[in-house]
Amino acid sequence: MDSLRGADIVAKGLERLGVTRIFTLSGNHIMPVFDALLATGIAVVHARHEAACVHMADAWGRLTGEPGVALVTGGQGHANGAAALFTALAAESPVLLLSGHAGLGELGRGAFQEMAQAEIARPMTKASWTATSVAALGPDLARAWRLTREGRPGPVHLSLPVDLLEARVPADSVRLPDAGPPPAATPDPALVAAILERLARAERPLVLCGPASCDPAGRAAMAALEERIGVPVIGMESPRGLNDPSLGAFAPVLARADLLVLAGKPLDFTLRFGDAPAVAPDCLFCVADPDPALLGRAPPERLVASGLAEARPLLAALCAAGAPHPATSWLQEVREALAFRPAAWTEARGTPGRLHPVELCRAVDAFLARHPEGTLICDGGEIGQWPQALVRARRRLVNGVSGTIGASLPFAIAARAAHPDAPVVAVLGDGTFGFHMAEFDTALRYGLPFIAVVGNDARWNAEYQIQLRQYGPERARHCDLLPSRYDAAVAALGGFGALVTSADDLPAALDAAHASGRPACVNVMIDSAPAPVIRRPG
């Protein structure tokens, strides 16, 4: 080939970087890239909404550690997709959003779908810019790819003007991006020694890690460090923070800690900003973070060690150099608190024709126990918290620190694409279901089955619970939904659907959904229970 289009450079560049799958929705500005992808081995998942594309890329990034790539068109397509970047940013997920863009030669003249796209995406990304020349397309891709994983992982956006995609340049002038893993960031040995010295002096220390460490490999690294030094090492990825139901009765032990080591864990609302009474007023802090702006959040008079470091290398260095902590009783106390679940839950039962969320989760937990390589996805306001507390899964995705709901169906599609031989179970609410229900069509077209377990209480329950708590039942208005047959809607699309109104019927419905080999909706009528807030008596 004597010449290459800009679109060919993008497609070949992505392949060179190791991209095997792109999540996309077509549109005028990116059709040259659609055409160029035909000459590569990159698989395409063509979704039904641009935000779903970004959610799919987010899940891919979290599950594989490789940047997930979303490709959307310009203008409104970009704006739709950009909305999902906030979830990926808070979850510290490596995502590359490629957006079509009005041609550079037409900017300022009222071009079709002309929009300040880079500016729109910038607050929700690590970096956001627009390509300015065909020659720069390869280096732009390489830079964007590197930034998604460098330091704290996160989303990066690059806009691709359509006239650059259509332009041709001599093939021998093209510089494709170089593949390769991000450079290893070895933490400063002095920082490692300072943290270990403070850990040894503390009586009730905790090591806290952020969302980027909460994938299976990260959790294994946390467990190895805890076993090595005998200090609790805890991952935090929930917007409920210290009330994360996955962490049991964590809040009281956090309040008793005398040292917090924040290993890539921002000091933010999830820790109540380190303020009393959530954190003891005399608790000391060690902060190691790849972002220098976060090092100064801890109270300076209580900050005893700090430095730039990425979480994974820091965990490894602490594990290699650490020695067992003498306060084994503290580790046992924290483990018991994290494992605590109220005994009354074992007796929880729904009202006639409806299940309690505990009953729903008990069946999902039993199903995944038979499929230990499966993936659990938790989404929604109140219902999404119950499986986090009760369902065991080695591989899990939650909506994340952003607290944004609606990503679970796109997450499920990407999870099945990443791990095609294991089932995916997404537990979500009926409000959440409405965000991306058209993606069942996507799952059917690409043969990516999953099981959506919809907790259907016919309302926006998280907001309803706020109304009850803050304004009283007489002012709890406008949060009602219909008790809709979401299972029938999925069946009409060609998937599997089942309606469940009894706890006894749910295990068989889950097995039938899995055996169908089709995208499935198990529509479970539930009571409107508030999300769990776990406290031990006394």
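Predicted model: local features only at pLDDT ≥ 70, side-chain atom pairs only at ≥ 80, totals over all residues.
Is the crossing of helix 3 and helix 17 left-handed or right-handed?

Now find helix 3, residues 50–64, and helix 17, residues 408–418. Their axes come within 8 Å and cross at roughly 45 degrees. Angles from 65 to 115 degrees would count as roughly perpendicular and those under 35 as roughly parallel, so helix 3 and helix 17 are oblique to each other. As for the opening question, the crossing is right-handed.

Who does the touching here? On helix 3, look for Ala52, His55, Met56, Asp58, Ala59, Trp60, Arg62, Leu63 and Thr64. On helix 17, the partners are Pro410, Phe411, Ile413, Ala414, Ala415, Ala417 and Ala418. Sort the residues of this contact by class and you get twelve nonpolar, two polar and two charged.

Next, move along to helix 15, residues 357–370, and helix 22, residues 506–516. The axes of this pair come within 9 Å, and the crossing angle is roughly 45 degrees. That makes helix 15 and helix 22 oblique to each other, and helix 15 passes helix 22 in a right-handed crossing.

To see this contact, pick out Glu359, Leu360, Ala363, Val364, Phe367 and Arg370 on helix 15. Facing them on helix 22 are Leu506, Pro507, Leu510, Asp511 and His514. In the contact of helix 15 with helix 22, seven residues are nonpolar, one is polar and three are charged.

Methods. Residues numbered from 1 in each chain as written. Heavy atoms only, no water. Axes fitted to C-alpha atoms, helices over the stretch in contact; angles between N-to-C directions. Helix = DSSP H or I, 4+ residues; strand = E, 2+ residues; numbered from the N terminus. Parallel < 35°, antiparallel > 145°, perpendicular 65-115°, else oblique. Left-handed = near helix turned anticlockwise from the far one by under 90°. Contact = heavy atoms within 4.5 Å. Nonpolar A, V, L, I, M, F, W, Y, C, P; charged D, E, K, R; others polar.
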